[in-house]
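Try each task before you read its solution.

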Amino acid sequence: MTEEQRKFILSHPTDIVLILDRSGSMAGSPMANLKSGAKKFIDIIDEATDSTQAGIVSFAETATQDTQLITSVADLKAAVNSLSAGGNTNHADAFSKAMQLIDSSTHDKVFVMFTDGRTTAGPDAAPFAAAAKAKGVIIYCIGLSGNGGIDEQALNA
């Protein structure tokens, strides 16, 4: 991270929600990769700033707010470590739960979704993502190859 990027982060308090796919398609090495990537991301956030809060939302058939917006690296990593894969994939509910978590924040808002992008339950996620973007949320999707590959078109949408 450059000094300019660090200064920007410090001057723009940001709340980040990691949205983590724990559906059945993520079983095995995809889940291990998700956990490793999410924990590395938490470390990067921690190194970059002391003012950024992060929260964890995980999802399969339904989404769960695994943490509130917090700064505790240990608690964030514990939430990541507790995930296990199973069930269908409902991206719409994931966006909905993440919005509930971050909606009252007055800081910049970012979602970082780790998923294979394959929705197998619930409604189309695109309107939920569009609603979040309309409220100023910046969304990044990190495609992890699940047991059915990556749906790049869904991630881009």
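Predicted model: local features only at pLDDT ≥ 70, side-chain atom pairs only at ≥ 80, totals over all residues.

Helices (H or I, at least four residues) and strands (E, at least two) are DSSP runs, numbered from the N terminus. Residues are numbered from 1 along each chain as its sequence is written, and side-chain values use heavy atoms, with hydrogens and water left out.

**Exercise 1.** Find where Met 99 sits and what it touches.

Start with the element: Met 99 belongs to helix H4 (residues 91-102). Next, its relative accessible area is 13%, and buried means under 20%, exposed over 50%, partly exposed in between (1.4 Å probe, protein chains only). So Met 99 is buried. Last, leaving aside neighbours within four places in sequence, Met 99 is in contact (heavy atoms within 4.5 Å) with Phe 111, Ala 132, Lys 135 and Val 137.

**Exercise 2.** Work out which residues of helix H3 are buried, and how they are arranged.

In H3 (residues 73-81), pick out Leu 76, Ala 79 and Val 80. Looking down the axis of H3, these fall within an arc of 100° (taken from the directions from the helix axis to the C-beta atoms), so they line one face. They pack against strand S1 (14-21), helix H2 (29-48) and strand S2 (53-59).

**Exercise 3.** Find the polar partner of Asp 21.

Go to strand S1, the place of Asp 21. Its side chain makes a 2.7 Å polar contact with the side chain of Thr 115. Such a contact is a pair of N or O atoms within 3.5 Å; within protein, one must be able to donate a hydrogen and the other to accept it, and residues adjacent in sequence count only if both atoms are side-chain atoms.
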